[in-house]
Amino acid sequence: MTALALAAHRPAELRLPRVLAGISHYDVASLGDHEERYGPLPSWGQSGRRRPGRLIDVVDASGLTGRGGAGFPTGRKLRSVAAGPGASVVVANGAEGEPASCKDRLLLTRLPHLVLDGITLAAHAVRARSAYLCVHGQETELLGALADALAERRALDLDPVPIQLRGIPGRYVASEQSAIVQYLNGGPAKPTFSPPRPHQRGVRGRPTLVNNVETLAHLALIARFGDRWFRAAGLPSAPGTALATVSGAVRRPGVYEIELGTPAGQVVMMAGGPAERPAALLVGGYFGAWLPAGPGWPVPMCHAALKAAGGAMGAGIVVVLPVSSCGLAETARVIRYLAGQNAGQCGPCMFGLPALADAMADLAYQGGRGRAVERVATLAGLVDGRGACRHPDGAAQLVRSALRAFAADALRHDQRGPCPGAARAPLLPVPGAGGRDWA
Amino acid sequence: MNYELRVNPIACAGHGVCAELLPEIIELDPWGYPVVMSAGVPHGLVEHAKRAAAACPTLALLVEKINSEPPVTRRG
């Protein structure tokens with residue numbers, strides 16, 4: 001390999017994008033494209049210096065956290081799975097459940113080999129004997145393309161632990177990690193009561209690493225370029241980059257790679273800026289929070305800052321709500337959707353979310369003779385923390401943030417009926433109920 | 001020894017027996033499912049809590065030993 005080619009494989013420290021560097025606007029990156037850009041898969045484990053634990057140390061030092069929503073430190077997760085008894089299992093979660101997110105789909109359709117490298121590296125690090133890549137089962141085209149990518153790699157024996165493709169049901173909670181594990185074990189794709197958590201007892205009862213596909217793509221870069229390279233982007237407390245899906249009233253909606261800690265407003269500017277005067281930002285997705293446009297603009301996109309603002313980083317979603325839309329009507333539609341997506345397992349979620357959706361709809365579309373706001377707040381408090389998974393908690397958080405961000409609007413709705421914005425066409429995507437398929 | 005109450009919300013079918021046997025800690029929500037008012041079980045109620053757990057028709061009420069003092073506020 002020439003020195004020039006090597007230099008090409010070692011990107012300058014702060015050059016962005018990183019994960020999306022190899023993206024082509026019209027075609028999937030082939031294995032050839034991928035290796036030309038990044039060089040071959042680094043061989044951790046061939047020599048003593050690069051034993052499995054060493055990769056975990058590097059990931060730990062990088063400060064990488066999960067990019068699927070929860071933001072758990074990846075190094076710590078790897079370590080607890082590796083410390084479990086016997087052979088472990090790796091599950092790459094590419095079943096993007098958030099309707100307003102499309103970054104995982106972009107990665108899988110355009111840069112599959114970065115994700116597949118990440119799976120193989122993670123499998124090596126935790127000494128796994130089997131690995132799965134899960135996407136939505138109805139995405140037959142994506143499944144086909146991934147099967148082709150896997151075949152390309154099999155011919156060169158790139159993945160010592162075979163990666164099995166699985167299509168999982170497309171429901172919102174079906175991509176929650178315990179739901180995926182239960183599905184891979186032959187059960188319905190519904191969350192389970194914990195403990196045990198997947199890292200303790202997961203697929204076939206084995207310690208199981210469940211990671212979002214973007215997290216694994218970052219891992220594939222960290223394994224090549226190191227923890228210090230990773231930390232050159234982002235904040236010391238929240239290092240690296242993340243993919244953000246920006247939509248709503250912006251001029252150039254799409255997936256953008258941002259440094260963690262970038263102010264939410266700057267992310268909006270990356271997407272061409274507001275297309276209309278903004279009223280609020282929905283950050284973090286349907287388990288996230290509404291932030292009023294003014295105070296929300298400077299809030300850094302990282303888990304700690306968004307949590308402090310009453311929201312969540314989630315899967316890096318930013319939706320700009322224009323002043324001509326009604327945030328309460330948007331929230332009411334989302335809560336109705338989330339209520340329909342409950343797994344039918346936990347009473348407080350099964351009965352509480354439809355009641356919360358009814359109360360939100362009353363507030364948004366009817367006016368409540370001054371009583372709707374209180375009823376919404378009471379129901380949000382009643383469902384919070386009472387399910388086996390975080391589904392009701394996420395809905396409650398979104399509702400509470402709506403009551404804060406649109407407080408004056410909520411009082412007007414409650415006393416005088418809906419604003420003109422409530423009749424505007426919906427902004428936030430709300431998929432159809434998706435049938436009753438859990439299996 | 002300190003104990004904590006937890007509900008397995010998947011197993012719970014809302015029979016409401018726990019709220020009858022342990023009204024000091026458990027209330028029912030509007031749909032008949034238990035709301036644990038404070039997860040930590042006061043020492044005087046530990047035996048009652050264990051009886052309520054044993055009486056649950058779906059064994060959804062869990063009385064779990066914990067090591068530290070019960071500062072937990074998350075409701076089950």
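In chain B of this predicted model, three strands form an open sheet, and their order is β4-β1-β5, with antiparallel pairing. The edges of that sheet are β4, residues 40-41, and β5, residues 61-66, each of which pairs on one side only. Helix α2 of chain B, residues 46-55, packs on this sheet and touches β1, β4 and β5 of chain B. The direction of α2 makes about 140 degrees with that of β5(B).

Consider next how β1 and β4 of chain B are joined. Strand β1, residues 2-7, pairs with β4(B) in the antiparallel sense over two bridges. Within that pairing, Y3(B) stands opposite V41(B) in β4(B).

For chain B overall, the count is two helices and five strands. Along the sequence these elements follow the pattern β-α-β-β-β-α-β. Chain B has 76 residues, and 28% of them are buried. Of the contacts in chain B with a separation of 6 or more, 65% are between residues 24 or more positions apart.

How many residues of chain B are in contact with chain A? Ten residues of chain B are in contact with twelve residues of chain A. On the chain B side, the residues that touch chain A divide into five nonpolar, two polar and three charged.

Four strands of chain A form an open sheet in the order β3-β2-β1-β4, and the pairing is parallel. The edge strands of this sheet are β3, residues 163-168, and β4, residues 208-212; each pairs on one side only. From one strand to the next, the twist averages 25 degrees.

On one hand, β2(A) pairs with β3(A) in the parallel sense over six bridges. In this pairing, L133(A) stands opposite L165(A) in β3(A), and the bridge partner of C134(A) is R166(A), also in β3(A). On the other hand, β1(A) and β2(A) pair in the parallel sense over six bridges. There, V89(A) stands opposite S130(A) in β2(A).

Why is β2(A) described as largely enclosed by the rest of the structure? Seven of its nine residues are buried, so the rest of the structure largely encloses β2(A).

A125(A) belongs to helix α6 of chain A. Is A125(A) buried or exposed? A125(A) counts as buried because 29 other C-beta atoms lie within 10 Å, and the threshold for that class is 20 or more.

Strand β7, residues 278-283, and strand β8, residues 289-292, run antiparallel and are joined by four bridges. The bridge partner of L281(A) is L291(A) in β8(A). Five residues lie between the two strands of this hairpin, and in the turn G284(A) has a positive phi of about 95 degrees.

The axes of α14, residues 327-340, and α17, residues 391-405, come within 10 Å and cross at roughly 170 degrees. Because of that crossing angle, α14(A) is roughly antiparallel to α17(A); angles over 145 degrees fall in that class.

Which residues of the two helices meet? From α14(A) they are G327(A), L328(A), T331(A), V334(A), I335(A) and L338(A). From α17(A) they are A395(A), L398(A), V399(A), A402(A) and A405(A). The residues of this contact divide into nine nonpolar, two polar and no charged.

Note on methods: Residues numbered from 1 in each chain as written. Chains lettered and ligands numbered in written order. Predicted model: local features only at pLDDT ≥ 70, side-chain atom pairs only at ≥ 80, totals over all residues. Axes fitted to C-alpha atoms, helices over the stretch in contact; angles between N-to-C directions. Parallel < 35°, antiparallel > 145°, perpendicular 65-115°, else oblique. Contact = placed C-beta atoms within 7 Å. Nonpolar A, V, L, I, M, F, W, Y, C, P; charged D, E, K, R; others polar. Buried ≥ 20, exposed ≤ 12 C-beta atoms within 10 Å, placed from the backbone. Pairing = 2+ DSSP bridges.
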